[in-house]
Amino acid sequence: MTIKTTRTAQIGTFPVGRVEVPVLPAINATTVLFPDTASLAPIDPDSLRRSGRSPYENFYYGGVGTPTTEAFGQAVAALEGGTFAALAPSGQSALVATLSALLKQGDHVLIVDTVTYTTRWYIDQCLATAGVAVTYYPPDVTDLEPLLRPNTRLVFMESPGSMTFEVQDVAALCQTAARHGIVTVLDNTWAASRCFQPFAHGVDISVLSLTKYHAAPAGVSLGAVVTRTERLHALIKNQTALLGLHVSPDACARASLALATLDLRLNHQEHTTRLVLEGLAGHPGVRALFHPSLPEAPGHSVWRRDFQGANSLVTIAFDGLDRPTVNAMVDRFRVVRIGYGWGGSLSLATIFEANEWRTVSRSAARGTCLRIYLGLEEPSDILADLRQALERS
């Protein structure tokens, strides 16, 4: 069987007549002209969800998709191990489309306590105030039965969790949900369509911020909702159309160039991550390191069982350093840059307060912490930069 790196490298091919080109072209169009009224596609949910092997199939209005966006969506779905992908302008808009399509007033949803803060903001400020009952649960929960209600409609997971990377037993949670006919949704952005195959573990819907590893090197904001069933895809695709969450063919064409190098980048970054974790272990200024590959990490045994690798986000907790001291340390970085986001070529530092957004669980991190995204620079340069800043703190 062709290994995934080879399939990823060739994923951007696009049919042009009887031949193919290796670069996804940006086909920009709003109006589409039909040869006759019999060929005119109806504007209805069925037209939105139809997806064939050709990116040209069901091209009827550029506002809801073009051959470029269809081809890119199919590529993302294939990498994720799914069948269908509904694209959105960002990971957050993909999340909004998913939850708003599946939940209504009077429903109940279970949300892992370690979701990223933007997800929590949407849930608390929009879902909960719209009459959806929300229960947060700790990331180490494996038995959902005591938390279920007659109106529970959805279980939302993010594994590993935000900032301190607790790994959930996704398979166990999905088994319980499936017995009750409850839809399971996983934010699988951390795994970058490479480290964890959600549908092999029972997940119904995988939500991705393509703005991270998939497309960050191209500077593109995109999101995707990947499914295996046409029913779920139809619901999400219809919702993206209703909300006007249309994506640019130019953005998809640029993102496809980054997508082709995804495995190569992650291979390099896994090597960098191992070197940095080994180089910082036992450092007197470091209280704890957080990464799923570490034996002491929460859910490490599940990570070893279910994952095929790790990404390059590492969090550092310190011994007795307050916020001004951590700020001063970060200001001394010369290779690692300061900024939000991750997934591109540059290493980035983000400062946060431990457990700042959690409500029903606590991580082992305390005080002001530092999350480092390890990019594509020379690994030894990154480690030397981290060490020189730590040693002057």
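Mentor: Arg194 counts as buried, at 14% relative accessibility (buried is under 20% relative accessible area, exposed over 50%, partly exposed in between, with a 1.4 Å probe and protein chains only). This is a predicted model: local features need pLDDT of at least 70, side-chain atom pairs count only at pLDDT 80 or more, and totals for chains, interfaces and linings use all residues. Residues are numbered from 1 along each chain as its sequence is written, and side-chain values use heavy atoms, without hydrogens and water.

Trainee: Which residue forms a salt bridge with Arg194?

Mentor: A salt bridge needs a side-chain nitrogen of Lys or Arg within 4 Å of a carboxyl oxygen of Asp or Glu. For Arg194, the closest N and O atoms are 2.9 Å apart. The partner is Glu270.

Trainee: How many residues apart are Glu270 and Arg194?

Mentor: Helices (H or I, at least four residues) and strands (E, at least two) are DSSP runs, numbered from the N terminus. Glu270 sits in helix α9 (residues 262–280), and Arg194 in the loop between β7 (183–187) and β8. The pair links distant parts of the chain, 76 residues apart.

Trainee: Is Glu270 buried or exposed?

Mentor: Its relative accessibility is 17%. Therefore Glu270 counts as buried.

Trainee: Which side chain does Glu353 meet in a salt bridge?

Mentor: The N to O distance is 2.8 Å. Glu353 lies in strand β13 and its partner in helix α11, so the pair ties together parts 30 residues apart in sequence. Glu353 is partly exposed at 25%. The partner is partly exposed too, at 34%, and is Arg323.

Trainee: Where does Lys212 lie?

Mentor: An unreviewed UniProt entry places "modified residue: N6-(pyridoxal phosphate)lysine" at Lys212; UniProt positions are in the numbering used here, feature names are shortened, and annotations may be inferred rather than shown by experiment. Beyond neighbours within four places in sequence, Lys212 contacts Thr189, Pro217, Trp342 and Gly343. Lys212 lies in the loop between β8 (205–209) and β9 (223–227).

Terms used
Contact = heavy atoms within 4.5 Å.
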